[in-house]
Amino acid sequence: MTTDGLLATHTYRTGRTGQVPLVLLHGFPLDHRMWDDVVDLLPGDGTVLAPDLPGFGASPSGEDVADALGASAEPSLDTVADAVAATVRAAGVERAVVAGLSMGGYVGMALVERHPELVAGLGLLDTKSTADDDAARANRLRIALAVLTDGEVDAVLGMRRSLLGETSRVLRPDLVERLELWIRSQGPAGVAWSQRAMAGRPDRTEVLARFAGPAFVLVGAEDEVTPLAAARHLEAALVAAAELVVVPRSGHMTSIENPEPVAAALAALLLRVDPS
Ligand code: MLT
(Lines give C-alpha, C1' and ligand atoms only; values in the text may rest on other atoms or scores of the structure.)
Protein backbone atom coordinates (compact mmCIF):
# COMPACT_ATOMS: atom_id res chain seq x y z
CA MET A 1 0.00 0.00 0.00
CA THR A 2 1.41 3.41 -0.94
CA THR A 3 0.24 6.74 0.41
CA ASP A 4 2.39 9.08 -1.72
CA GLY A 5 -0.55 10.22 -3.84
CA LEU A 6 -3.78 11.60 -2.47
CA LEU A 7 -5.37 8.18 -2.02
CA ALA A 8 -3.90 5.07 -0.39
CA THR A 9 -3.24 2.74 -3.30
CA HIS A 10 -2.58 -0.97 -3.42
CA THR A 11 0.00 -1.80 -6.08
CA TYR A 12 -0.77 -5.39 -7.03
CA ARG A 13 1.95 -5.43 -9.67
CA THR A 14 4.60 -3.08 -10.99
CA GLY A 15 4.81 -3.75 -14.71
CA ARG A 16 7.96 -4.73 -16.50
CA THR A 17 6.40 -4.70 -19.97
CA GLY A 18 5.08 -1.93 -22.17
CA GLN A 19 1.51 -2.88 -21.25
CA VAL A 20 -0.78 0.02 -20.37
CA PRO A 21 -1.33 0.07 -16.58
CA LEU A 22 -4.63 -1.12 -15.16
CA VAL A 23 -6.46 0.96 -12.54
CA LEU A 24 -9.19 -0.85 -10.62
CA LEU A 25 -11.92 1.11 -8.79
CA HIS A 26 -13.87 -0.60 -6.05
CA GLY A 27 -17.56 -0.56 -5.18
CA PHE A 28 -19.45 0.67 -2.13
CA PRO A 29 -19.01 0.15 0.84
CA LEU A 30 -15.77 -1.71 0.25
CA ASP A 31 -12.13 -1.12 -0.62
CA HIS A 32 -9.44 -2.41 -3.00
CA ARG A 33 -9.58 -5.94 -1.52
CA MET A 34 -12.61 -6.77 -3.65
CA TRP A 35 -10.16 -7.04 -6.60
CA ASP A 36 -7.78 -9.58 -4.97
CA ASP A 37 -9.28 -12.68 -6.60
CA VAL A 38 -9.40 -11.08 -10.06
CA VAL A 39 -5.80 -9.88 -10.00
CA ASP A 40 -4.66 -13.37 -8.91
CA LEU A 41 -6.12 -14.65 -12.20
CA LEU A 42 -4.93 -11.85 -14.45
CA PRO A 43 -2.31 -12.93 -17.00
CA GLY A 44 0.64 -10.72 -17.94
CA ASP A 45 2.80 -8.57 -15.74
CA GLY A 46 1.56 -5.03 -16.41
CA THR A 47 1.14 -2.54 -13.58
CA VAL A 48 -2.08 -2.98 -11.60
CA LEU A 49 -3.11 -0.24 -9.16
CA ALA A 50 -6.19 -0.17 -6.96
CA PRO A 51 -6.78 3.00 -4.93
CA ASP A 52 -8.99 3.00 -1.88
CA LEU A 53 -11.57 5.66 -2.69
CA PRO A 54 -11.98 8.58 -0.23
CA GLY A 55 -13.15 7.47 3.20
CA PHE A 56 -12.59 3.76 2.50
CA GLY A 57 -9.77 1.38 3.39
CA ALA A 58 -6.60 3.30 4.25
CA SER A 59 -7.52 6.49 2.34
CA PRO A 60 -8.20 9.88 3.90
CA SER A 61 -11.76 11.12 4.32
CA GLY A 62 -13.76 12.71 1.53
CA GLU A 63 -13.57 16.02 3.38
CA ASP A 64 -9.76 15.87 3.59
CA VAL A 65 -9.44 14.82 -0.04
CA ALA A 66 -11.70 17.70 -1.18
CA ASP A 67 -9.67 20.07 0.96
CA ALA A 68 -6.37 18.87 -0.53
CA LEU A 69 -7.76 19.32 -4.05
CA GLY A 70 -9.29 22.72 -3.29
CA ALA A 71 -12.63 21.19 -4.35
CA SER A 72 -16.10 22.00 -3.06
CA ALA A 73 -16.85 20.67 0.42
CA GLU A 74 -20.06 19.14 -0.97
CA PRO A 75 -19.56 15.33 -1.33
CA SER A 76 -19.11 14.60 -5.03
CA LEU A 77 -17.89 11.82 -7.30
CA ASP A 78 -16.15 14.57 -9.29
CA THR A 79 -13.86 14.99 -6.29
CA VAL A 80 -13.32 11.23 -6.20
CA ALA A 81 -12.42 11.16 -9.91
CA ASP A 82 -10.02 14.10 -9.51
CA ALA A 83 -8.41 12.33 -6.53
CA VAL A 84 -7.96 9.12 -8.54
CA ALA A 85 -6.43 11.09 -11.43
CA ALA A 86 -4.02 12.91 -9.10
CA THR A 87 -3.11 9.65 -7.37
CA VAL A 88 -2.34 7.63 -10.49
CA ARG A 89 -0.42 10.55 -12.00
CA ALA A 90 1.64 10.75 -8.80
CA ALA A 91 2.44 7.06 -9.43
CA GLY A 92 3.78 8.02 -12.90
CA VAL A 93 0.72 6.81 -14.84
CA GLU A 94 -0.52 9.19 -17.54
CA ARG A 95 -2.67 6.70 -19.46
CA ALA A 96 -4.44 3.60 -18.11
CA VAL A 97 -7.15 1.06 -18.62
CA VAL A 98 -9.71 2.01 -15.98
CA ALA A 99 -12.19 -0.55 -14.69
CA GLY A 100 -14.75 0.12 -12.00
CA LEU A 101 -17.42 -1.96 -10.34
CA SER A 102 -20.67 -0.23 -9.42
CA MET A 103 -19.60 2.93 -7.52
CA GLY A 104 -16.18 2.37 -9.11
CA GLY A 105 -17.94 2.45 -12.48
CA TYR A 106 -19.60 5.78 -11.62
CA VAL A 107 -16.12 7.10 -10.81
CA GLY A 108 -14.73 5.62 -14.05
CA MET A 109 -17.37 7.52 -16.03
CA ALA A 110 -16.55 10.72 -14.12
CA LEU A 111 -12.89 10.16 -15.06
CA VAL A 112 -13.84 9.82 -18.73
CA GLU A 113 -15.66 13.14 -18.47
CA ARG A 114 -13.08 15.04 -16.43
CA HIS A 115 -9.77 13.39 -17.40
CA PRO A 116 -10.37 11.81 -20.82
CA GLU A 117 -6.66 11.74 -21.69
CA LEU A 118 -6.08 9.35 -18.78
CA VAL A 119 -8.56 6.69 -19.90
CA ALA A 120 -7.15 4.50 -22.69
CA GLY A 121 -9.71 1.75 -22.17
CA LEU A 122 -12.79 1.38 -19.98
CA GLY A 123 -14.30 -1.57 -18.10
CA LEU A 124 -17.75 -1.00 -16.61
CA LEU A 125 -18.76 -3.78 -14.23
CA ASP A 126 -22.15 -4.12 -12.54
CA THR A 127 -22.85 -0.41 -12.85
CA LYS A 128 -25.07 2.10 -14.60
CA SER A 129 -24.75 5.54 -16.20
CA THR A 130 -28.08 6.96 -15.06
CA ALA A 131 -28.61 9.24 -12.05
CA ASP A 132 -30.68 8.26 -9.01
CA ASP A 133 -34.41 8.91 -8.96
CA ASP A 134 -35.89 10.82 -6.02
CA ALA A 135 -36.61 7.69 -3.97
CA ALA A 136 -33.06 6.30 -4.38
CA ARG A 137 -31.58 9.68 -3.52
CA ALA A 138 -33.75 9.99 -0.40
CA ASN A 139 -32.74 6.47 0.65
CA ARG A 140 -29.04 7.33 0.35
CA LEU A 141 -29.47 10.47 2.46
CA ARG A 142 -31.41 8.44 5.05
CA ILE A 143 -28.59 5.88 5.22
CA ALA A 144 -25.95 8.62 5.46
CA LEU A 145 -27.77 10.09 8.43
CA ALA A 146 -28.28 6.69 10.05
CA VAL A 147 -24.61 5.65 9.95
CA LEU A 148 -23.52 9.03 11.32
CA THR A 149 -26.15 8.94 14.08
CA ASP A 150 -25.34 5.32 14.98
CA GLY A 151 -21.58 5.79 14.69
CA GLU A 152 -21.63 2.33 13.07
CA VAL A 153 -22.10 0.93 9.59
CA ASP A 154 -25.04 -1.32 10.53
CA ALA A 155 -27.36 0.50 8.12
CA VAL A 156 -25.37 -0.91 5.18
CA LEU A 157 -24.61 -4.34 6.63
CA GLY A 158 -27.55 -5.87 4.74
CA MET A 159 -25.44 -5.35 1.62
CA ARG A 160 -23.35 -8.39 2.62
CA ARG A 161 -26.24 -10.40 1.20
CA SER A 162 -27.98 -8.06 -1.26
CA LEU A 163 -24.76 -7.50 -3.24
CA LEU A 164 -24.55 -11.25 -3.90
CA GLY A 165 -26.59 -13.28 -6.34
CA GLU A 166 -28.98 -16.02 -5.28
CA THR A 167 -26.44 -18.75 -6.09
CA SER A 168 -23.80 -17.21 -3.81
CA ARG A 169 -26.32 -16.46 -1.07
CA VAL A 170 -27.27 -20.14 -0.97
CA LEU A 171 -23.96 -21.87 -1.72
CA ARG A 172 -21.24 -19.42 -0.61
CA PRO A 173 -21.61 -18.42 3.07
CA ASP A 174 -17.88 -17.64 2.95
CA LEU A 175 -18.62 -14.73 0.61
CA VAL A 176 -21.30 -13.35 2.94
CA GLU A 177 -18.72 -13.49 5.76
CA ARG A 178 -16.05 -11.87 3.62
CA LEU A 179 -18.34 -8.99 2.68
CA GLU A 180 -19.38 -8.56 6.30
CA LEU A 181 -15.74 -8.30 7.35
CA TRP A 182 -14.97 -5.76 4.63
CA ILE A 183 -18.08 -3.66 5.30
CA ARG A 184 -17.48 -3.65 9.08
CA SER A 185 -13.92 -2.43 8.49
CA GLN A 186 -15.17 0.81 6.85
CA GLY A 187 -15.94 3.94 8.87
CA PRO A 188 -19.40 5.52 9.08
CA ALA A 189 -18.07 8.91 7.91
CA GLY A 190 -16.75 7.40 4.67
CA VAL A 191 -19.99 5.51 4.08
CA ALA A 192 -22.05 8.68 4.66
CA TRP A 193 -19.83 10.88 2.47
CA SER A 194 -20.00 8.40 -0.42
CA GLN A 195 -23.74 7.97 -0.15
CA ARG A 196 -24.12 11.75 -0.42
CA ALA A 197 -21.65 11.88 -3.32
CA MET A 198 -23.51 9.12 -5.19
CA ALA A 199 -26.85 10.81 -4.50
CA GLY A 200 -25.62 13.90 -6.33
CA ARG A 201 -24.11 12.22 -9.37
CA PRO A 202 -25.44 13.24 -12.79
CA ASP A 203 -26.56 11.00 -15.64
CA ARG A 204 -23.35 10.24 -17.58
CA THR A 205 -24.84 8.31 -20.51
CA GLU A 206 -23.80 11.04 -22.94
CA VAL A 207 -20.22 10.89 -21.64
CA LEU A 208 -20.03 7.28 -22.82
CA ALA A 209 -21.26 8.23 -26.26
CA ARG A 210 -18.17 10.45 -26.57
CA PHE A 211 -15.69 7.79 -25.38
CA ALA A 212 -13.68 6.60 -28.37
CA GLY A 213 -11.50 3.90 -26.77
CA PRO A 214 -12.13 0.18 -26.39
CA ALA A 215 -14.48 -0.86 -23.60
CA PHE A 216 -16.42 -3.70 -22.10
CA VAL A 217 -19.57 -3.89 -20.02
CA LEU A 218 -19.88 -6.79 -17.62
CA VAL A 219 -22.76 -7.85 -15.39
CA GLY A 220 -23.58 -10.77 -13.14
CA ALA A 221 -26.49 -12.77 -14.52
CA GLU A 222 -28.05 -12.59 -11.02
CA ASP A 223 -27.22 -8.92 -10.34
CA GLU A 224 -30.28 -7.44 -8.60
CA VAL A 225 -28.64 -4.05 -7.90
CA THR A 226 -27.69 -3.02 -11.45
CA PRO A 227 -29.31 -5.75 -13.56
CA LEU A 228 -28.81 -6.77 -17.17
CA ALA A 229 -31.04 -3.94 -18.47
CA ALA A 230 -28.61 -1.38 -16.99
CA ALA A 231 -25.70 -3.16 -18.66
CA ARG A 232 -27.49 -3.21 -22.02
CA HIS A 233 -28.11 0.52 -21.65
CA LEU A 234 -24.36 1.07 -21.13
CA GLU A 235 -23.52 -1.15 -24.08
CA ALA A 236 -25.86 0.85 -26.33
CA ALA A 237 -24.39 4.15 -25.08
CA LEU A 238 -20.84 3.01 -25.86
CA VAL A 239 -21.89 2.00 -29.40
CA ALA A 240 -19.19 0.36 -31.54
CA ALA A 241 -16.35 -0.23 -29.10
CA ALA A 242 -18.13 -2.16 -26.34
CA GLU A 243 -18.42 -5.86 -25.57
CA LEU A 244 -21.08 -7.16 -23.19
CA VAL A 245 -20.10 -10.01 -20.86
CA VAL A 246 -22.78 -11.72 -18.74
CA VAL A 247 -21.22 -13.61 -15.83
CA PRO A 248 -23.04 -16.78 -14.78
CA ARG A 249 -23.61 -17.77 -11.12
CA SER A 250 -22.97 -14.21 -9.96
CA GLY A 251 -24.83 -11.25 -8.58
CA HIS A 252 -23.48 -7.69 -8.25
CA MET A 253 -20.09 -8.75 -6.84
CA THR A 254 -18.73 -10.46 -9.93
CA SER A 255 -15.13 -9.85 -8.82
CA ILE A 256 -15.52 -12.24 -5.90
CA GLU A 257 -18.46 -14.41 -6.99
CA ASN A 258 -17.01 -15.50 -10.31
CA PRO A 259 -13.65 -13.78 -10.85
CA GLU A 260 -12.48 -15.85 -13.89
CA PRO A 261 -14.69 -14.12 -16.51
CA VAL A 262 -13.83 -10.76 -14.95
CA ALA A 263 -10.10 -11.41 -15.27
CA ALA A 264 -10.63 -12.66 -18.84
CA ALA A 265 -12.55 -9.50 -19.81
CA LEU A 266 -9.83 -7.28 -18.32
CA ALA A 267 -7.07 -9.25 -20.05
CA ALA A 268 -8.88 -8.96 -23.40
CA LEU A 269 -9.39 -5.22 -22.92
CA LEU A 270 -5.71 -4.69 -22.11
CA LEU A 271 -4.82 -6.42 -25.37
CA ARG A 272 -7.18 -4.13 -27.31
CA VAL A 273 -5.51 -0.95 -26.03
CA ASP A 274 -2.75 0.59 -28.09
CA PRO A 275 0.32 0.58 -25.78
CA SER A 276 1.83 3.77 -27.25
C1 MLT B 1 -21.89 -0.48 -5.19
O2 MLT B 1 -21.84 -1.71 -5.26
O3 MLT B 1 -20.90 0.23 -5.35
C4 MLT B 1 -23.22 0.17 -4.86
O5 MLT B 1 -24.25 -0.75 -5.04
C6 MLT B 1 -23.41 1.39 -5.69
C7 MLT B 1 -24.68 2.12 -5.37
O8 MLT B 1 -25.06 2.17 -4.19
O9 MLT B 1 -25.27 2.68 -6.30
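Helices here are DSSP runs of H or I with at least four residues, strands are runs of E with at least two, and both are numbered from the N terminus. With that in hand, Arg169 sits in helix α7.

Before I go on, the ground rules. This is a predicted model, so to speak: local features need pLDDT of at least 70, side-chain atom pairs count only at pLDDT 80 or more, and totals for chains, interfaces and linings use all residues. Is Arg169 buried or exposed? Arg169 is buried, at 17% relative accessible area. Buried means under 20%, exposed means over 50%, and partly exposed is in between, with a 1.4 Å probe and protein chains only. The side chain of Arg169 makes a polar contact of 3.0 Å with the side chain of Glu166. A polar contact is a pair of N or O atoms within 3.5 Å; within protein, one must be able to donate a hydrogen and the other to accept it, and residues adjacent in sequence count only if both atoms are side-chain atoms. Setting aside residues up to four places away in sequence, Arg169 also touches Arg161, Ser162, Leu164 and Glu224. Contact here means heavy atoms within 4.5 Å.

Next, helix α8. It covers residues 173-184, 12 residues in all. From first C-alpha to last, α8 reaches 16 Å, close to the 16 Å expected at 1.5 Å a residue. That expected span is 1.5 Å times one less than the number of residues. Which residues of α8 are buried? They are Leu175, Val176, Leu179, Trp182 and Ile183. Looking down the axis of α8, these buried residues fall within an arc of 130 degrees, so they line one face of the helix. The arc is taken from the directions between the helix axis and the C-beta atoms. On the other side of α8, Glu177 and Leu181 are exposed. The buried residues of α8 pack against α6 (159-162), α7 (166-171) and α12 (254-257).

Now Pro29. Pro29 is in the loop between β2 (22-25) and α1 (36-41). The peptide bond from Phe28 to Pro29 is cis, with omega near -5 degrees. Pro29 is buried, with a relative accessible area of 1%. What does Pro29 touch, leaving aside neighbours within four places in sequence? Its contacts are Phe56, Val156, Met159, Trp182, Ile183, Gln186 and Val191. The C-alpha of Pro29 is 8.5 Å from that of Gly190, although the two are 161 residues apart along the chain.

Gly190 takes us to helix α9, where it is one of the buried residues. Helix α9 runs over residues 188-199. How many of its 12 residues are buried? Nine are, and α9 is mostly covered. Val191, a contact of Pro29, is among the buried ones, as are Trp193 and Met198. The buried residues of α9 pack against α2 (62-69), α3 (77-90), α4 (103-114) and α5 (134-150).

Pro188 also belongs to α9. Pro188 is partly exposed, at 21% relative accessible area. Beyond four places in sequence, Pro188 is in contact with Val147, Leu148, Gly151, Glu152 and Val153.

On to the ligand. Which residues are around the ligand? They are Gly27, Phe28, Ser102, Met103, Tyr106, Arg140, Met198, Val225 and His252. A polar backbone atom of Phe28 is 2.7 Å from an oxygen atom of the ligand. For a backbone N or O atom of Met103, the distance to a ligand oxygen is 2.9 Å. For a polar side-chain atom of His252, it is 2.9 Å as well. Taken alone, the ligand exposes 270 Å², and the protein buries 93% of that. Those areas come from the Shrake-Rupley method with a 1.4 Å probe; for residues, only the protein chains shown count as cover.

Last, two backbone angles. Asp126 has a phi near 45 degrees, a positive value in a residue other than glycine. Asp126 lies in the loop between β5 (119-125) and α5, and is buried at 0% relative accessible area. Arg249 is not a glycine either, and its phi is positive at about 55 degrees. Arg249 is in the loop between β7 (242-247) and α12. Arg249 is exposed, with a relative accessible area of 51%.

Key. Residues numbered from 1 in each chain as written. Heavy atoms only, no water. Near = heavy atom within 4 Å.
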